Amino acid sequence: MDSSYEQLLKRLREGLGASDVKGPVERIELPEPQIYWLGRKTIFRNFMEYPRILRRDPDKVLMYLAKELATAASLDGERAIFIGRKDKGSFSALLNRYMKERVVCPICGRPDTHTEKEKRLQFLVCEACGARSPIR
Ligand SMILES: [Zn+2]
């Protein structure tokens, strides 16, 4: 097979992928949070995996968790450190909620989105179907 033919196939596949909004929805599988306690702090060992998978700013994900858990948090390399003892269940629940509210498009269910700020409102903009949904 010569390379121009392969390139043509590749272009066709990509073209189909972009317009085929009703196709199978790829789901994001969130990993299990790796949590342990150190004194009165909670160490979230694999925190950085989440912003990478969700394609969001690590600081924003961290701020969301800290706010919902009503505590202070900081980044430390791959880890995040939270003040107080927080359990693993609350992290997975919050990260799933974050994904539903701020990453997955409510119209087509795809995770290929980014957020945009307009005046004081935040919108979730879908790169697959083009929907703009306000984020509460
Ligand atoms: Zn969409």
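Mentor: Helices (H or I, at least four residues) and strands (E, at least two) are DSSP runs, numbered from the N terminus. This is a predicted model, where local features need pLDDT of at least 70 and side-chain atom pairs count only at pLDDT 80 or more, while totals for chains, interfaces and linings use all residues. Residues are numbered from 1 along each chain as its sequence is written.

Trainee: How many helices and strands does the protein chain have, and what pattern do they follow along the sequence?

Mentor: The protein chain has 4 helices and 7 strands, and their order along the sequence is α-β-β-α-α-β-β-α-β-β-β.

Trainee: What is the strand order in the open sheet of 4 strands?

Mentor: Two strands pair if DSSP finds at least two bridges between them. Here the order is 1-2-4-3, and the pairing is antiparallel. Strand 1 (35-38) and strand 3 (73-76) are the edges; each has a single partner strand, so one side of each lacks a neighbour in the sheet. From one strand to the next, the twist averages 25°; for such angles, axes are lines fitted to C-alpha atoms, for helices over the stretch in contact, and angles run from 0 to 180 degrees between N-to-C directions.

Trainee: Which strands does helix 3 lie across, and which residues of helix 4 does helix 3 meet?

Mentor: Helix 3 (residues 58-68) lies across strand 3 and strand 4, at about 145° to strand 3. Two residues are in contact if their C-beta atoms, placed from the backbone, lie within 7 Å. By that test, Val61, Tyr64, Leu65 and Glu68 of helix 3 meet Phe91, Leu94 and Tyr98 of helix 4. The axes of helix 3 and helix 4 (residues 88-102) are 11 Å apart, and the packing angle is about 125°. Helix 3 and helix 4 are therefore oblique to each other (under 35 degrees is roughly parallel, over 145 roughly antiparallel, 65 to 115 roughly perpendicular, and the rest oblique).

Trainee: What about the open sheet of 3 strands: what is its order?

Mentor: That sheet has the order 5-6-7, with antiparallel pairing. Strand 5 (113-118) and strand 7 (132-135) are at its edges, each with a single partner strand, so one side of each has no neighbour in the sheet. The twist in this sheet averages 35° from one strand to the next. Strand 5 and strand 6 (residues 121-126) run antiparallel and are joined by 6 bridges, with Lys117 opposite Gln122 in strand 6.

Trainee: Where is Asp112, and why does Asp112 count as partly exposed?

Mentor: Asp112 is in the loop between helix 4 and strand 5. A residue is buried if 20 or more other C-beta atoms, placed from the backbone, lie within 10 Å of its own, exposed if 12 or fewer, and partly exposed in between. Asp112 counts as partly exposed because it has 15 C-beta neighbours inside 10 Å. Not counting residues up to four places away in sequence, Asp112 touches Cys126, Glu127 and Ala128. Asp112 and Glu26 are 86 residues apart in sequence and 9.7 Å apart in space, C-alpha to C-alpha.

Trainee: What share of the protein chain is buried?

Mentor: Buried residues are 18% of the 136 residues in the protein chain.
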